[in-house]
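Come along and check each entry as you read.

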Amino acid sequence: MSLRLADMTNNVRIMPNIVIIAYKGVQQSALFGLGEMFELANQLMGDDVELKITHQVLAPSSVDNDQSIDAVILPPNLTGARGNGDQNLHNWIKRQHSSGVIICSACAGGYWLGHAGILDGRPATTHWALEADFRSTFPQVQLSPENILVDDNDIVTAGGVMAWVDLGIHLIGRWCGPTVVSKICRQMLIDPNGREQRNYRSFCPVMGHKDQAIRALQLWMESNINEDLSIMALSVRAKISVRSLQRRFSNSTGYSINQYVQELRIEKAKGLLELTMLTIGEVCWRVGYQDVSAFNRLFKSISGLSAGRYRQRFNVNQANKDKANIYSVK
């Protein structure tokens, strides 16, 4: 059952006991950063709150079936670990979930939840770069890689490598309320507003397939983004019938041709917005679109940001300008 600070049992405030799993290869900054966030939350609640968040960092070999736990967190890793052989830990996670414990993960930590079988039929997220592998490994999961965080009550998953920060803030808000969240965000300089992974996602098309004709077409498209990339035009260029091209392209890349063209053009537009000061209209035309309004709508639907907001956040020249302004302050 989800615990909140406002819950009362005989007028005693209830606070959670959290276990953070230190599996082999775990990201150390997440492992200890989460604990530090919980400790700071305890401090910010003040001395008038008698009970505090408690947490333990445990290796998989140290987990105990008899200990009282309210939440388990599987942090990210930067080693490529996926937990395939951690069967004992998978079974323990499944038992804990069955007993009412909230199970949480960040980034690749979601693989342990998937191997435990608790994500089947449930919404979840992981790092956008892991999408294809995660879907293949756990086809029954309702994956939403565009989201930084998915809270499905008793299962909470976060996306990117640094999304453990979002997870920590979310859990603190769940247990301690918005006032503590506001204080901790101000003290740690964290933006409390929700983010989306699609703001950061890159389009990385599959090129390693065996269909040489499709790969040659993909390479041509990369260098000719402002050409006619309609299905008919591509069919003529590849000398493949429209129907056969659609089937082979989808089988090779995982995208329909229309989806692929849209993703490719928006990815090229992102690069121009990041590295140049071309107007939005010029960017639109350079990647093969004529209608700026339609381009803006498509850009936002894919990236989650308008083209202008994307430039403000990610343009290198703007970032250098901001740094110069900071350094010039006397």
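**Entry 1: Asp-154 and its partner.** I started with Asp-154, which is partly exposed at a relative accessible area of 24%. This is a predicted model, so I read every value here as computed from the prediction. Next I asked which side chain Asp-154 meets in a salt bridge. The partner is Arg-122, with N to O at 2.5 Å. I checked Arg-122 as well, and its relative accessibility is 18%. Buried means under 20%, so Arg-122 counts as buried.

**Entry 2: Arg-174 and Asp-151.** I then turned to another salt bridge, the one between Arg-174 and Asp-151, whose closest N and O atoms are 2.8 Å apart. I noted that this pair links distant parts of the chain, with Arg-174 in helix α5 (residues 164-176) and Asp-151 in strand β9, 23 residues apart. Are the two partners buried or exposed? Arg-174 has 6% relative accessibility and counts as buried, while Asp-151, at 34%, counts as partly exposed.

**Entry 3: Arg-201 and Glu-263.** I placed Arg-201 in the loop between α6 and α7 (212-223) and Glu-263 in helix α10 (residues 257-275). They are 62 residues apart, and the pair links distant parts of the chain. Both Arg-201 and Glu-263 are buried.

I also looked for salt bridges that share partners, and found Arg-122, Asp-152 and Asp-154 joined into one network. How many salt bridges does the structure hold? I wrote down eight. A reminder to myself: side chains of opposite charge can pair when their charged atoms come close.

**Entry 4: cysteines.** I looked for disulfides and the count came to zero. Among the cysteines, I checked Cys-176, which is buried at 7% relative accessibility. I checked Cys-204 too, and this one is exposed at 56%.

**Entry 5: α1 against α6.** On to helix packing. Helix α1 (residues 28-45) and helix α6 (residues 178-188) pack at an angle of about 120°, and I noted their axes as 10 Å apart. The crossing of α1 past α6 is right-handed. Which residues make the contact? From α1 I listed Met-37, Leu-40, Ala-41, Leu-44 and Met-45. From α6 I listed Val-180, Lys-183, Ile-184, Gln-187 and Met-188. Sorted by class, the contact has eight nonpolar residues, one polar and one charged.

**Entry 6: α7 against α10.** I finished with α7 and α10, which pack at an angle of about 40° with their axes 10 Å apart. Here α7 passes α10 in a right-handed crossing. On the α7 side I wrote down Gln-218, Met-221 and Glu-222, and these meet Tyr-260, Val-261, Leu-264 and Lys-268 in α10. By class, I noted four nonpolar residues, one polar and two charged in this contact.

Notes. Residues numbered from 1 in each chain as written. Predicted model: local features only at pLDDT ≥ 70, side-chain atom pairs only at ≥ 80, totals over all residues. Heavy atoms only, no water. Axes fitted to C-alpha atoms, helices over the stretch in contact; angles between N-to-C directions. Helix = DSSP H or I, 4+ residues; strand = E, 2+ residues; numbered from the N terminus. Left-handed = near helix turned anticlockwise from the far one by under 90°. Contact = heavy atoms within 4.5 Å. Nonpolar A, V, L, I, M, F, W, Y, C, P; charged D, E, K, R; others polar. Salt bridge = Lys/Arg side-chain N within 4 Å of Asp/Glu carboxyl O. Buried < 20%, exposed > 50% of the residue type's maximum accessible area, 1.4 Å probe, protein only. Disulfide = S-S within 2.5 Å.
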